Structures are given as C-alpha cells and as structure tokens.
Amino acid sequence: MGLATVYRGLQVLIKKGLIHSRGHQTGEVLYNLVERDTYYLTCVYCVVTIRLNSCP
Ligand SMILES: [Zn+2]
C-alpha cells in the first residue's frame, strides 16, 4: 500500500467524522480518533506536542 493510498483512506475517515486532522505550520499533519474532546499544546519552536486533560 502506497502513501497516497493511506492519505486517501485518512481523507475518507475525516469525511465520515471518525478522525480529526490538525495541520501544523511545519507541514506536518496529525490525525487522531474522534472519541471525545481532546486538547493539545504544541511548541512552535520544537514542535513537541503534549496532550492535555482539559482546556487550558
Ligand atoms: Zn519547544
């Protein structure tokens, strides 16, 4: 399976509302399952992302 196939699959899951995607200014895109509200904090310098338990 090629990467293009993987990305097409991800787009289908997004359209179905099963996953969220979050674009980053570096061009990186992060995907996560839609289970419940999740919050992330991403450092704009080193792009480290941590998951938070609640909205800051
Ligand atoms: Zn940092």
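Predicted model: local features only at pLDDT ≥ 70, side-chain atom pairs only at ≥ 80, totals over all residues.
Helices, at least four residues long, and strands, at least two, are DSSP runs numbered from the N terminus.

**Confidence**
- The average pLDDT of the protein chain is 84, and 98% of the residues score at least 70.
- Among the elements, the lowest mean pLDDT, 83, belongs to strand β2 (residues 29-33), while the highest, 88, belongs to strand β4 (residues 49-52).

**Overall form and burial**
- Taken along the principal axes, the box filled by the C-alpha atoms of the protein chain is roughly 35 × 25 × 15 Å.
- Buried residues account for 0% of the 56 residues in the protein chain.
- When contacts between residues at least 6 apart in sequence are considered, 0% of them join residues at least 24 apart.

**The helix and the residue after it**
- Helix α1 covers residues 3-15, and its 13 residues reach 19 Å from the first C-alpha to the last, which is close to the 18 Å expected at 1.5 Å a residue.
- The helix α1 is hardly covered, since the count of buried residues among its 13 residues is zero.
- Just after α1 comes Gly17, which takes a positive phi of about 80°.

**The hairpin of β1 and β2**
- Strand β1 (residues 19-23) runs antiparallel to β2, and the two strands are joined by five bridges.
- Within this pairing, Ile19 stands opposite Leu33 in β2.
- Five residues lie between the strands of this hairpin, where Gly27 takes a positive phi near 100°.
- The number of buried residues among the five of β2 is zero, so strand β2 lies largely in the open.

**The hairpin of β3 and β4**
- Strand β3 (residues 39-42) pairs with β4 in the antiparallel sense, and four bridges make up this pairing.
- Tyr39 has Leu52, in β4, as its bridge partner.
- This hairpin has six residues between its strands, and Val47 takes a positive phi near 65° in it.

Terms used: Residues numbered from 1 in each chain as written. pLDDT = per-residue confidence, 0-100. Expected span 1.5 Å × (residues − 1). Buried ≥ 20, exposed ≤ 12 C-beta atoms within 10 Å, placed from the backbone. Contact = placed C-beta atoms within 7 Å. Pairing = 2+ DSSP bridges.
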